[in-house]
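Thanks for coming, everyone. I have one model to show and a few side chains to walk through. Here is the structure.

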Amino acid sequence: MNSLYSFSAAIVYTQCDPIRKPLSFYKAKTKTKTKPQNLSCSFRHPYNKLRVSALKSDPSESHQTGVADDEGAEKLPLRQNDANFDSGWLPAFPHVLVASMSNFIFGYHIGVMNGPIVSIARELGFEGNSLIEGLVVSIFIVGAFIGSISSGSLVDRLGCRLTFQIDSIPLILGAIISAQAHSLNEVIGGRFLVGLGIGVNTVLVPIYISEVAPTKYRGALGSLCQIGTCLGIITSLILGIPSENDPHWWRTMLYIASIPGILVAIAFNISAQAGRINDAKTVIRELWGESEIDSAIEEFQSVCKSDGSDSDSRWSEILEEPHSRVAFIGGALFVLQQFAGINGVLYFSSLTFQEVGVESGAVASLFVGLTNFAGALCALYLIDREGRQKLLIGSYLGMAISMFLVSSAVFCPLDEQLSNNLSILGTIMYIFSFAIGAGPVTGIIISELSSTRTRGKIMGLSFSTHWVCNFIVGLFFLELVEKFGVAPIYASFGAVSLSAATFAYYFIVETKGRSLEEIERSLNVKA
């Protein structure tokens with residue numbers, strides 16, 4: 001999920017370096033330098049205590065309906081579904097669509113400052129001050145961090161639907177305050193409020209979707225988060241085109257940003273509330289169908305007896321087994337995701353396109369957005385067919401190969417045109433690979449592995465880690481590139497991507513086809 005939760009810092013890089021140097025500058029710098037068993041991983045590893053496992057299945061049952069985690073591992077029993085094609089995803093789709101609209105807001109606010117920041121700076125009197133321009137953009141990240149870390153307690157106490165509605169308030173107010181701003185402080189305050197709302201939403205959306213989506217379609221429906229973010233970015237880039245000729249167009253764009261927040265607040269008045277036992281049968285019938293009621297209620301009751309209520313959970317519980325294992329996996333995945341370099345690649349993508357004759361930054365950004373969108377569509381198709389672990393490993397391997405390709409093209413160019421073309425190819429491959437796995441799967445699998453009692457807090461902690469790493473990469477990336485050149489930095493991104501693939505191979509377990517309750521019971525039994 002996600003969460004495509006990695007584009008905001010790229011905008012910071014773009015705006016904090018107003019006189020951007022051509023890619024050849026960085027090239028020149030480089031040249032001058034010379035289950036129980038069935039859900040646990042089946043590989044022996046010294047850190048096997050950190051792996052998550054699930055209930056051992058009955059051999060006869062797994063022979064009929066199971067899938068294997070890894071070669072030689074026991075088969076996993078899946079929930080019985082109609083053998084023929086069915087539309088079991090359809091009842092939950094409207095609720096998932098409404099939740100994904102929050103990610104659309106996220107994507108829109110990521111792209112909304114990409115072009116208009118120049119007009120805003122000129123009108124409000126801080127043009128040419130790259131520090132202030134960077135602050136206007138990056139204050140969003142500060143708000144998002146605070147929103148993420150507070151979201152766990154909010155969702156535990158208020159539930160998903162009410163939290164969505166309350167969270168729409170800073171999103172709407174922030175957009176309107178920014179649109180009406182006549183001073184620097186007003187713009188910064190509006191952007192902070194928007195970031196606060198976005199921080200809550202990035203945690204809330206994958207939690208809500210994982211709880212309302214039927215097991216069979218949970219991965220695909222969860223991938224709609226990524227698609228919503230991509231569509232938001234593309235929409236903001238398209239709407240931002242008139243800002244090149246109209247210096248006041250940025251106000252209209254920010255007013256438009258308040259509309260999705262209003263729609264989300266209204267839509268959740270009629271949306272189902274996940275996680276309320278009193279209305280559980282009605283909710284399950286509406287979302288999953290009549291045939292799932294008995295088995296789902298039985299699982300809910302089993303989990304409630306062993307795990308307790310989430311409303312009285314404590315932050316200290318994530319330091320206890322089995323929650324600490326999931327918290328470690330969640331934090332590590334986001335650290336690896338951010339230090340694999342998605343924001344840096346996005347920043348240099350526009351420079352790379354300029355080298356081959358694409359002078360318009362908007363066109364380059366739009367092309368990158370469409371590539372990301374295409375990858376998200378592939379993830380939608382593959383995630384419930386191939387599984388989460390395979391997508392993560394394949395995604396990070398593709399990102400590593402792409403980074404090594406670009407590094408080789410920059411460091412040892414045989415021909416300038418060939419070098420530029422390889423850089424474009426590597427950049428597109430990298431973004432596509434990220435969108436297939438590292439982007440959407442990270443948020444989805446953390447919410448799946450987390451227990452009902454601590455899901456909100458673990459997700460909040462994980463996404464807070466994301467925003468901190470996002471900020472660190474944004475702070476030091478340009479300085480490191482200017483000091484060492486782009487090739488060594490891209491090579492380091494490739495090395496981190498390889499590390500992430502290795503981590504996914506040893507520590508990530510396959511949750512495809514398992515209900516959240518099955519996974520949670522297995523964690524409690526193992527602990």
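Which backbone oxygen does the side chain of Arg455 reach? The backbone oxygen of Ser447, at 2.9 Å. Before I go on: this is a predicted model.

Let me stay with Arg455. This arginine sits in helix H20, which covers residues 455-484. Its side chain also makes a polar contact with the side chain of Glu211, at 3.0 Å. What else does Arg455 touch, leaving aside its neighbours within four places in sequence? The list is Ile207, Ser210, Glu211, Ser447, Ser450, Leu516 and Glu520. Buried or exposed? Arg455 has a relative accessible area of 2%, under the 20% cut-off, so it counts as buried.

Next, helix packing. Two packed helices are described by the angle between their axes and the distance between the axes. Take helix H6, residues 130-158, against H20. Their axes come within 7 Å. The crossing angle is roughly 175°. That angle is over 145 degrees, so H6 runs roughly antiparallel to H20. Who makes the contact? On the H6 side, the residues include Phe140, Ile141, Ala144, Phe145 and Ile149. On the H20 side, they include Leu461, Phe463, Trp467, Val468 and Phe471. Glycines take part too, among them Gly152 of H6 and Gly456 and Gly460 of H20. By type, the residues of this contact divide into eleven nonpolar, eight polar and two charged. Asp156 of H6 and Lys457 of H20 are among the residues in the contact.

Now charges. Side chains of opposite charge can pair when their charged atoms come close. How many salt bridges does the structure hold? Ten. I will show three of them.

Start with Glu448 and Arg218. Their closest N and O atoms are 2.7 Å apart. Glu448 is in helix H19, residues 440-449, and Arg218 is in helix H9, residues 218-222, so this pair ties together parts that are 230 residues apart in sequence. Both ends are under the 20% cut-off: Glu448 has a relative accessible area of 0%, so it is buried. Arg218, at 2%, is buried as well.

Glu448 has another partner. The side chain of Arg388 meets that of Glu448 in a salt bridge, 2.5 Å from N to O. Arg388 belongs to helix H17, residues 388-411, and Glu448 to H19, so here the parts tied together are 60 residues apart in sequence. Arg388 and Glu448 are both buried.

Which residues are linked in the network of salt bridges? Arg218, Asp384, Arg388 and Glu448.

For contrast in setting, look at Glu127 and Arg122. Their side chains form a salt bridge too, 3.5 Å from N to O. Glu127 is at 49% relative accessibility, which lies between 20% and 50%, so it counts as partly exposed. Arg122 is partly exposed as well, at 47%.

You will find it in helix H10, residues 224-239.

Technical notes. Residues numbered from 1 in each chain as written. Predicted model: local features only at pLDDT ≥ 70, side-chain atom pairs only at ≥ 80, totals over all residues. Heavy atoms only, no water. Helix = DSSP H or I, 4+ residues; strand = E, 2+ residues; numbered from the N terminus. Buried < 20%, exposed > 50% of the residue type's maximum accessible area, 1.4 Å probe, protein only. Polar contact = N/O pair within 3.5 Å; in protein donor to acceptor, adjacent residues only side chain to side chain. Contact = heavy atoms within 4.5 Å. Axes fitted to C-alpha atoms, helices over the stretch in contact; angles between N-to-C directions. Parallel < 35°, antiparallel > 145°, perpendicular 65-115°, else oblique. Nonpolar A, V, L, I, M, F, W, Y, C, P; charged D, E, K, R; others polar. Salt bridge = Lys/Arg side-chain N within 4 Å of Asp/Glu carboxyl O.
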